[in-house]
Amino acid sequence: MNYEKSCGAIVYRKFHGNTEILLIRHIKSGNWSFPKGHVEPGETEVETATREIKEETNIDVLIDSGFRETVAFSPRRDTSKTVVYFVGKALNNDTRPQLEEISEIKWVEIGQAASHLTYDNDKLIVTKAKAFIALMK
């Protein structure tokens with residue numbers, strides 16, 4: 001059995017009084033999700049999430065490790081994968097997709113995010129993140 005681990009975040013910003021989150025669309029699958037990627041040797045989970053978000057979207061983030069949710073699944077028969085998600089506040093707004101992996105990036109009002117997301121696990125996480133972000137005011 002192979003084991004993979006990725007880290008990412010539900011990246012948010014305040015925009016005209018609304019809370020928006022950043023969604024990415026993967027080139028290969030066409031799925032909408034959150035920015036994330038594989039942990040590299042010697043990296044912490046937070047370092048991985050910060051690096052991957054910057055690589056995939058050009059957004060710098062301030063990660064809040066007080067929110068930490070995990071999803072475990074099997075992408076292939078011989079592989080077990082865990083994804084760790086944090087909440088991250090966007091420090092800039094100039095998105096630029098990583099051309100090799102990301103076809104589209106968009107900011108979506110947090111209450112509308114579930115209708116854009118592909119996976120049920122992501123829809124559950126965004127609901128939890130919404131409650132967490134609301135408490136941060």
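Which residue in β7 does R25 stand opposite? I looked this up in the predicted model and found E104 in that position.

**Entry 1: strand β2 and its neighbours.** I turned to the pairing behind that contact and noted that β2 and β7 (residues 102–109) run antiparallel, joined by 7 bridges. I then checked the burial of β2, which spans residues 18–26. Because 7 of its 9 residues are buried, that is, under 20% relative accessible area, I recorded β2 as largely enclosed by the rest of the structure.

**Entry 2: the β1–β2 hairpin.** I found 4 bridges between β2 and β1 (residues 2–15), again in the antiparallel sense. I located Y12 and saw that its bridge partner in β2 is I21. The two strands form a hairpin with 2 residues between them, and I noted a positive phi of about 50 degrees for H16 in the turn.

**Entry 3: the β2–β3 hairpin.** I recorded 2 bridges between β2 and β3 (residues 32–33), which pair antiparallel. Here I24 stands opposite S33. I counted 5 residues between these strands of the hairpin, with G30 in the turn at a positive phi of about 80 degrees.

**Entry 4: the largest pocket.** I noted a volume of about 780 Å³ for the largest pocket. Of its 27 lining residues, H26, S29, K36, F73 and K81 are the closest to the centre. I traced the lining to several elements that supply at least two residues each, among them β1, β4, α1 and α2. The largest share, 4 residues, comes from β5. By residue class, I recorded 11 charged, 9 polar and 7 nonpolar residues in the lining.

How values were computed. Residues numbered from 1 in each chain as written. Predicted model: local features only at pLDDT ≥ 70, side-chain atom pairs only at ≥ 80, totals over all residues. Heavy atoms only, no water. Buried < 20%, exposed > 50% of the residue type's maximum accessible area, 1.4 Å probe, protein only. Pairing = 2+ DSSP bridges. 1 Å grid on protein atoms, 1.4 Å probe; cavity = no way out; pocket = protein on both sides within 12 Å on 5 of 7 lines; lining within 4 Å. Points joined across faces, edges and corners; volume = space filled by probe spheres on them. Nonpolar A, V, L, I, M, F, W, Y, C, P; charged D, E, K, R; others polar.
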